[in-house]
Amino acid sequence: MFVAGRKRKQAAEPNQASTSHSTLSTSAPLAEVHRWYVLGRENFRERQYRNALDYYNRAVALAGNEGIRDAKLYEARAHTLYKLREFTRALSDAKEAIRINAHSSAGYICMASILDDSGRPKVALEVVERGLSQVDRSAPDYKDLQLLHSSLSLRLDPTYELEFESDFDPIRRLPTDLVVMIMRLLDTRMLYICRSVSTRWLNLIDNTPVIWSKPCYLVESPARTLARQLPGYSKAQKRMQQRAYRAPPDAVVQRVFEKSQGSLVVATVPDGLAVSAKVLKALLACRRPNLAQIAFGRASALKSESIYRILSWCLPAMVTDIRLPYCVQVGDEEIKVIAKLGHKLRALDISGCIRVSMKRLFVAWNSVLVDASTGIEELIINDHPGIAELLIYSSKLRHFAKLRVLHAAIRDQAVFAMVKNLGPLLGYFRQMQITQAPFPDLRELNIDGLWDTTLSAHRFESTRLSTLLGACRLFSCNLRRFSALDSSAASHDQMQSLFSQNLSSLQQLHLTRATALDAQVLAVGPMPVSLLLVSLDLSGCVGVPPQALLALVSCCPRLTHVNLSQTAADNYVLNQLTESVNTSDASGIEVLVLDATDVTGAAVRDFAAACSARYRRQRNSQHAKRVWRLQLLDVDNCAGVGGDAVALTRDLLSIMSTLVLAAI
């Protein structure tokens, strides 16, 4: 068969044609591949790595269908995956690029960088040495390979010590007081990284005890911030970048206590840490003139005797904050020691401490108090079977009359099995005929799960507990923060009492699955011109009509976190939010959840366009103190939002790296 011209040459050299690593051809069959490659490169330069990865995936898939394996495609995708910290996939692409083109300097650099960041610098050095032997010296990236080889060789040399030059070392250029202030803002992991920079940094950090005065082992992440702002919404937390938490070794915690010396302000035991005898000895050996807080991490393996010794050790100090969440070893003896702090104590967290009896707690405080009330302003007692006793005893004894923050949520259904004998308690409460609220200065209230109808079995006593919440007059005036997730058992009267007394002062309202919430409740009084709400979660409140939602949202110019999933929210509500984005530069919505609502693609597109325009306007402004951006938009399960609208929305919001959730 006669094959002419270029085709005959390709037939004679098939391997060379299939493994071409030159610039992508722009001929007709490969024009689409080249277009995806260029779009991916443009998004990579703008640091839109997720979008760049999508384009590179399309280019690689299309090139594979055409029978072409181009090294540049795999190199570009490997660099993108490396930026996204997906090391396994990035390493695979870098190996494929080297397999296609053994002289690919970019492939060797990417592969070595991935191995180095993965904690394998020796293997990375071997890859660089192999690249130096394969890559031509005239290649544009050959000098980069040489620099990487020098850097890895010096770091692996045990006699080498990295030192900054005086012109670039911030410790030499900045005042020492300013450097110490910056170091105090770092978590423990970052402090250990800074110690390895140079001898000067090591000496400064180790010889300045105040840097270790407030150890932090849990780094804040976008997922944890979202969980704190909207605790009832958890779908997007897995999609957001979050570092897996691992408890630090005993040796790290021991050194932190030893380095703090007499400057320890917060004695922190990390989550999940099995405290050894050495750690306990190092803590008890610390001087405590400035000690203000004792914080035991959740699920910390501490014996009852160790907790008792630590609490007794902190008695002479001015400790104002004690947090013992889910320390099941804590009992009545430890509560007696805590009660000896008297009026000094301002915050107490005994969530999940099921061995603590509420009756014994009030008896312990009654024995040490000079006047009627303690100085505690924050009490966290989540997942405790004695919540009902706390409310009833507080109505009579007034020990916690100065409370400003009360968290009494039940998230563990097994706790309800421990709640019993509420009938006699309610009878005793009715005989007291209390007319005054037990916590008149309350500003933050969390009762998640106490109104959940799934726990309506008689043995769980949930019906009586729900009745007690209304009878105790918990909804005092001027609440700032209120949270009641899974409130399907809340009554209409309780909703009216909550909104009539607190709507004008609330800054955070989380009320999910409240079937008793309707237009009549929201219209219980004249709607203020401007509400103070910043975080609003009404997900699952199907009884609220769209007109009531529109009236509520239009009075909230300060909203930043909004969750209206599974409600009657429609285009009018979303258009009102779009208008607030266009007209106000002081604040703006950062998280918007409209899952399973009646919004349409046109309204979502207009909202995305308004957000993109505002972001560009603030970024180009010289007077903007903080550039606002939309972090999350959830329009999943919205029948009126099509694929074209979702694609256009993602393109508009890609400049802000907004996470858009939508199933097409």
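So, which way does the crossing of helix 16 and helix 17 go, left-handed or right-handed? It's left-handed, and that label is used when the near helix is turned anticlockwise from the far one by less than a right angle, with clockwise giving right-handed.

Quick word on what's on screen. This is a predicted model, where local features need pLDDT of at least 70, side-chain atom pairs count only at pLDDT 80 or more, and totals for chains, interfaces and linings use all residues. Residues are numbered from 1 along each chain as its sequence is written, and side-chain values use heavy atoms, leaving out hydrogens and water.

The protein chain has 28 helices and 14 strands; these are DSSP runs numbered from the N terminus, H or I of at least four residues for helices and E of at least two for strands. Of its 664 residues, 49% count as buried, meaning under 20% relative accessible area with a 1.4 Å probe, protein chains only (exposed is over 50%, partly exposed in between).

Back to our two helices. Helix 16 covers residues 277-284, helix 17 covers 304-313, and they pack at about 10° with axes 11 Å apart. Axes here are lines fitted to C-alpha atoms over the stretch in contact, and angles run from 0 to 180 degrees between N-to-C directions. The two helices are therefore roughly parallel: that's under 35 degrees, while over 145 is roughly antiparallel, 65 to 115 roughly perpendicular and the rest oblique.

Who touches whom? Leu-280, Leu-283 and Leu-284 in helix 16 meet Ser-306, Arg-309, Ile-310 and Trp-313 in helix 17, with contact meaning heavy atoms within 4.5 Å.

Now, the aromatics. Searching the whole structure turns up 10 aromatic pairs; rings of Phe, Tyr and Trp (its six-membered ring) pair if their centres lie within 6.5 Å, and planes under 30 degrees apart are stacked, over 60 edge-to-face, the rest tilted. Take Tyr-192 and Trp-212: centres 5.9 Å apart, planes at 80°, so edge-to-face. Tyr-192 sits in helix 12, and Trp-212 in the loop between helix 13 and helix 14, 20 residues apart. Trp-212 is buried, at 1% relative accessibility.

Trp-365 and Phe-400 are another edge-to-face pair, since their centres are 6.0 Å apart and their planes at 65°. Trp-365 is in helix 19 and Phe-400 in the loop between helix 20 and strand 6, so this pair ties together parts 35 residues apart in sequence. Trp-365 is buried at 0%, and Phe-400 is buried at 1%. Together with Phe-362 and Tyr-393, Trp-365 and Phe-400 form one aromatic cluster.
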